[in-house]
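Colleague: Could you take a close look at the aromatic rings in this model and describe how they are arranged?

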Amino acid sequence: MSMPRIAVPLAFAMLTAIPTPVYPQQGAGLAAQAASTRSGQAYPTRPIRLVIPYSPGGASDNIARIVMPRLGEALGQTIVIDNRPGGAGSLGRELVVRAAPDGYTLLSTDAPHAINVHLRKLPFDSLKDFTMITTTATGSMIMIVYPGFPAKTVKDLVAIARAQPGKLNFGSGGTGAITHMTGELFKLAANVDIVHVPYKSIAPAVTDLIGGQIPIAFPGLATVGGHIRAGRVRLLAVAATKRSPAFPDAPTFEEAGVPGMVAANWYGIMGPARLPRPIVNRLNAELHNAVRMPDVQERFAASGIETLLNSPEEFRAMLVSETARWGTVVKAAGIKPE
């Protein structure tokens with residue numbers, strides 16, 4: 001049975017006109033692209049560095065470590081993962097912007113690529129200074145609490161938060177991270193005052209939540225699936241339009257009485273600007289093949305992650321749309337640029 005809806009504040013009305021994101025994938029452009037991939041066959045001739053702009057243990061890191069071994073096998077080279085956290089991902093992104101556009105330095109990116117532009121002065125242009133290669137996956141955000149927290153449901157948590165405005169904290173992967181923005185959406189949708197505590201990435205925030213230092217977080221399923229199964233954290237709700245097959249007992253926020261709470265992270269691979277098209281095509285094709293491998297699909301499903309593959313052009317169009325969408329959310333939440 002669905003829970004009664006929790007009253008929605010006026011500020012949240014700004015978000016009701018924002019459609020649930022639908023990400024284009026596997027478009028017709030891929031057929032023509034595949035025909036021109038052959039000229040990139042000489043690449044690569046040495047190991048490739050993949051910069052992950054977060055600490056180990058987050059969703060971007062986990063997904064990269066699932067996909068990259070298969071990509072390395074296909075390319076015949078080692079993919080060296082280089083975690084560079086800080087600035088909600090901006091530090092690692094800047095490293096890639098400054099790298100030579102030769103295909104040997106790539107970026108594992110996600111939704112904050114479309115968010116940070118609204119929150120801080122960046123030393124790069126989020127569109128012009130990157131070459132989009134492909135997205136790989138998407139996953140719903142969730143709400144978790146530490147097991148000792150008294151709330152067993154979203155309704156319980158809302159009641160506690162309203163009785164103690166400004167007393168409860170939620171941890172995130174940094175200002176502008178999707179884990180931050182999902183918390184801001186919840187504050188608006190549930191009309192509660194909980195305090196944001198930014199970390200360098202979501203992994204240390206989850207560690208502190210497990211230890212009871214903070215009570216609430218809004219990670220992706222890929223980050224904490226193992227912790228949920230082990231009982232180290234309690235899953236209260238999924239920010240999606242339907243329940244997760246990986247955790248079918250967890251309600252959506254709509255079912256829990258908080259309408260409008262739909263938030264997902266997406267994950268993709270980029271390179272520096274001016275990356276040669278034959279290299280882009282080779283990477284796009286091999287990444288698609290890697291993601292479709294049965295073992296990768298099995299691990300995605302176990303983590304609550306869905307495949308999201310597209311062409312470089314579709315990826316760019318999606319990024320433009322996401323940048324506009326999250327700009328509206330930032331304004332509605334009243335978040336001030338740093």
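Modeller: Ring pairs join Phe-170, Phe-186, Phe-218 and Phe-253 into a cluster, where rings of Phe, Tyr and Trp (its six-membered ring) pair if their centres lie within 6.5 Å, and planes under 30 degrees apart count as stacked, over 60 as edge-to-face and the rest as tilted. This is a predicted model, in which local features need pLDDT of at least 70 and side-chain atom pairs count only at pLDDT 80 or more, while totals for chains, interfaces and linings use all residues. Residues are numbered from 1 along each chain as its sequence is written, and side-chain values use heavy atoms, with hydrogens and water left out.

The structure holds 7 aromatic pairs. One of them, Tyr-43 with Tyr-104, is edge-to-face, at 5.4 Å centre to centre and 65° between the planes. Tyr-43 lies in the loop between helix H1 (29-35) and strand E1 (48-52) and Tyr-104 in the loop between helix H3 (90-97) and strand E3 (105-110), so this pair ties together parts that are 61 residues apart in sequence; helices (H or I, at least four residues) and strands (E, at least two) are DSSP runs, numbered from the N terminus. Tyr-43 is buried at 7% relative accessibility, and Tyr-104 is buried at 11%, buried meaning under 20% relative accessible area with a 1.4 Å probe and protein chains only.

Methods: Buried < 20%, exposed > 50% of the residue type's maximum accessible area, 1.4 Å probe, protein only.
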